[in-house]
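Welcome! Please take a look at the protein below, and then we will walk through it together, topic by topic.

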Amino acid sequence: MALMLNAQKMIYDRLTTALPGQRVYDDVPNLPDGQPASDFPYITVGDDMEVPWDTDDTLGSDITFVLHVWSRYQGKKEVKTIMQNIYNALHRQVAALDALATGVRVVDCLHEFSQIFELGDGATRHGVCRYRLRIEKE
């Protein structure tokens with residue numbers, strides 16, 4: 001838990017900066033059933049997991065985190081476009097992430113996988129992507 005909050009703030013800040021106009025939430029917003037398509041698309045920061053990545057003289061963390069993309073666009077194009085924009089904003093973007101870091105130094109950020117689901121309502125598309133972030137305490 002040592003660096004998870006630093007990582008979440010950095011990722012949130014990077015997404016809101018690199019994807020202007022794209023709504024990014026810490027959790028799925030409380031929206032009523034049958035919410036209108038105008039409430040879409042949006043990104044939510046999902047679950048994360050931290051594993052110590054310490055050396056003899058440095059405290060660090062290896063953090064995997066999941067991002068969710070929600071869309072009501074007919075087809076998968078919108079979800080794929082947003083996921084590509086997320087990839088462009090995060091994958092191997094050490095300098096851009098490091099510029100937003102507070103109290104940590106970014107070692108790397110790697111895309112691990114992406115997947116798209118069609119929800120049972122026939123209207124909602126759900127994209128899931130996972131990244132691995134390695135950071136060290138300054």
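## Serine 114 and its surroundings

Leaving out neighbours up to four places away in sequence, serine 114 is in contact with Met83, Val128 and Cys129, where contact means heavy atoms within 4.5 Å. This is a predicted model, in which local features need pLDDT of at least 70, side-chain atom pairs count only at pLDDT 80 or more, and totals for chains, interfaces and linings use all residues. Residues are numbered from 1 along each chain as its sequence is written, and side-chain values use heavy atoms, with hydrogens and water left out.

- Serine 114 lies in strand β4.
- Its relative accessibility is 40%, so serine 114 counts as partly exposed. On this scale, buried means under 20% relative accessible area, exposed means over 50%, and partly exposed is in between (1.4 Å probe, protein chains only).
- Serine 114 and tyrosine 87 are 27 residues apart in sequence, and their C-alpha atoms are 9.7 Å apart in space.

## The chain as a whole

- The protein chain has three helices and five strands. Helices (H or I, at least four residues) and strands (E, at least two) are DSSP runs, numbered from the N terminus.
- In which order do these elements follow along the sequence? The pattern of the protein chain is α-β-β-β-α-α-β-β.
- A compact globule of 138 residues would have a radius of gyration near 14 Å, and the protein chain has 16 Å, which agrees. The radius is taken over C-alpha atoms, and the globule rule is 2.2 Å times the number of residues to the power 0.38.
- Along the principal axes, the C-alpha atoms of the protein chain fill a box of roughly 55 × 25 × 25 Å.
- Among the contacts in the protein chain with a separation of 6 or more, 61% are between residues 24 or more positions apart.

## Surface and charge

- Of the 138 residues of the protein chain, 41% count as buried.
- The protein chain exposes about 7600 Å², and carbon and sulfur atoms supply 50% of it. Accessible areas come from the Shrake-Rupley method with a 1.4 Å probe, and for residues only the protein chains shown count as cover.

## Helix α1

- Helix α1 covers residues 4-18; at 1.5 Å a residue, its 15 residues should span 21 Å, and its end C-alpha atoms are 21 Å apart, which agrees. The expected span is 1.5 Å times one less than the number of residues.
- Which residues of α1 are buried? They are Met4, Ala7, Met10, Ile11, Asp13, Arg14 and Leu15.

- Is threonine 64 buried or exposed? Threonine 64 is buried, with a relative accessible area of 9%.
- Valine 66, at 16% relative accessibility, counts as buried.
- Not counting residues up to four places away in sequence, threonine 64 touches Asp47, Asp48, Met49, Glu112, Arg130, Tyr131 and Arg132.

## Phenylalanine 117 in strand β4

- Phenylalanine 117 is found in strand β4 (residues 104-118), and at 35% relative accessibility phenylalanine 117 counts as partly exposed.
- Beyond residues up to four places away in sequence, phenylalanine 117 touches Thr124, Arg125, His126 and Val128.
- Phenylalanine 117 and valine 128 are eleven residues apart in sequence, with 8.2 Å from C-alpha to C-alpha.

## Spots in the loops

- The peptide bond from phenylalanine 40 to proline 41 is cis, with omega near -5°. Proline 41 sits in the loop between β1 (24-25) and β2 (42-52).
- Arginine 92 is not a glycine, yet arginine 92 has a positive phi of about 60°. Arginine 92 is found in the loop between α2 (77-90) and α3 (94-100) and is exposed, with a relative accessible area of 52%.
- Alanine 101 lies in the loop between α3 and β4. Not counting residues up to four places away in sequence, alanine 101 touches Met10 and Val106.
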